[in-house]
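I opened the notebook to go through one protein model from whole chain to single residues. My entries follow in the order in which I looked things up.

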Amino acid sequence: MGDKQMPTQSRKINRLTPSRELPLYGKRILVTAPRNYAYRLSEQIIKKGGLPVLMPTIETCYLSNYTKLDTALNNIGKFDWIIFTSRNGITAFFHRMNDLDIPVSVVQKCHLCALGKDAEHLLSFCSQVDLIPTESSPAGIVTELGKLPQIHDKKVLIPAPEVVGLPEPDVVPNLIEDLQKLGMEVTRVPIYITQGLDKTIYGMELNLMRQGIIDVIAFSSTAEVESFLTMVNSQSDYERCIIGCFGPYTTANAQKLGMNVSIVSRDYSSFEGFAEAIAAFFTLTSSSHSALQDIE
């Protein structure tokens, strides 16, 4: 009865695993996500033995003009649905509500939708999520809403980023178009700003990439790809790097922009899935190399 139970094994035991045994040991992964996302992806890379090199190509900022957002927030009761497409959007939305002294109970009269792990973030603000699509993407949202009876004529609010200085990715415009095809009345309002960063601050990181010291460039959004391409002189700058993308939509847009994508995260509901996809690529590559050596 007095015996102490041995601790059960858990994923935390990986912290004591020799780094050489981890799948991303010695691999340098260039993380282009904005800083408030970069640390989350970097943490997952480190857990797998990798060495994240931070080079946020975009940043997210507060709005300079809140007129459209404030109008929507002061009339929030007229919307049947609020669809959040990013964690940043959720944070900025509720922070602005707080600034305007609008109680959270007003939002809880609407149906709320968030993607993947963002649902947990939404719950932390208002304890309510009505839809988490099986496919963690805007297309997944449309698919799920399309299954609901009497979805046509419903009013939906989409707080979305305002893209400055870069071509806007087609993600939000396509979402709006698809929702309108369902018969929904869509109102889009700016919730924060997404803008590119100046390449002059990244001389060292760009040189590491050109020298082939960077193993993987990890893109988590199309905007990151767009801004990255303004920072390089040509494809030869990054041709020695493996390109990884967080899900099929970023992949498709990166390919349209001329990139050869080798790693695509199948689980794009969290950055853990992205890190696992990068690790799986090197594990498979290593296994294939060993098999070839055995044949020789």
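**Entry 1: the whole chain**

How many helices and strands are there in the protein chain? I count 11 helices and 10 strands. Helices are DSSP runs of H or I with at least four residues, strands are runs of E with at least two, and both are numbered from the N terminus.

Before going on I note the ground rules. This is a predicted model, so I see that local features need pLDDT of at least 70 and side-chain atom pairs count only at pLDDT 80 or more, while totals for chains, interfaces and linings use all residues. Residues are numbered from 1 along each chain as its sequence is written, and side-chain values use heavy atoms, with hydrogens and water left out.

I looked up the dimensions next. The C-alpha trace spans about 70 × 70 × 35 Å along its principal axes. Of the 296 residues, 46% count as buried. Buried means under 20% relative accessible area, exposed means over 50%, and partly exposed lies in between (1.4 Å probe, protein chains only).

The accessible surface comes to about 15,700 Å². Carbon and sulfur atoms hold 50% of that surface. These areas come from the Shrake-Rupley method with a 1.4 Å probe; for residues, only the protein chains shown count as cover.

I also checked contacts, meaning heavy atoms within 4.5 Å. Among contacts between residues at least 6 apart in sequence, 69% join residues at least 24 apart.

**Entry 2: the mixed sheet**

Which strands form the open sheet with mixed pairing? I read five strands in the order β3-β7-β6-β4-β5. Two strands pair if DSSP finds at least two bridges between them. β3 (58–61) and β5 (111–113) stand at the edges with a single partner strand each, so one side of each is left without a neighbour in the sheet. The twist averages 30° from one strand to the next. Axes here are lines fitted to C-alpha atoms, for helices over the stretch in contact, and angles run from 0 to 180 degrees between N-to-C directions.

I then looked at which elements pack on this sheet. Helix α3 (residues 87–99) does, touching β3, β4, β6 (155–164) and β7 (185–196). The direction of α3 makes about 105° with that of β7.

I went through the pairs one by one.

- β3 and β7 are antiparallel, over four bridges. Here cysteine 61 stands opposite isoleucine 193 in β7.
- β6 and β7 are parallel, over 10 bridges. Isoleucine 158 stands opposite arginine 188 in β7.
- β4 (residues 81–83) and β5 are parallel, over three bridges. Isoleucine 83 has cysteine 113 in β5 as its bridge partner.

**Entry 3: alanine 114**

Is alanine 114 buried or exposed? I find alanine 114 buried, with a relative accessible area of 0%. Alanine 114 lies in the loop between β5 and α5 (118–126). Leaving out residues up to four places away in sequence, alanine 114 touches Phe84, Ile90, Ala119, Leu122, Val129, Leu131, Ile132 and Pro133. I also checked serine 136, 22 residues apart from alanine 114 along the chain: their C-alpha atoms are separated by 8.7 Å.

**Entry 4: the parallel sheet**

I moved to the open sheet of five strands in the order β2-β1-β8-β9-β10, with parallel pairing. β2 (51–54) and β10 (261–264) stand at its edges, each with a single partner strand, so one side of each is left without a neighbour in the sheet. Neighbouring strands are turned by 30° against each other on average, direction ignored. Three bridges join β9 (residues 242–245) to β10. Cysteine 245 stands opposite valine 264 in β10.

Which strands does α9 lie across? I see α9 across β1 (28–31) and β8 (216–219), at about 130° to β8. Serine 227 sits in helix α9 (residues 222–231) and counts as buried at 1% relative accessibility. Not counting residues up to four places away in sequence, serine 227 touches Thr57, Ile58, Leu166, Gly196 and Leu197.

**Entry 5: positive phi**

Aspartate 101 has phi near 60°, a positive value in a residue other than glycine. Aspartate 101 is in the loop between α3 and α4 (104–107) and counts as exposed at 68% relative accessibility. Aspartate 153 has a positive phi of about 70°. Aspartate 153 lies in the loop between α6 (138–146) and β6 and is exposed, with a relative accessible area of 57%.
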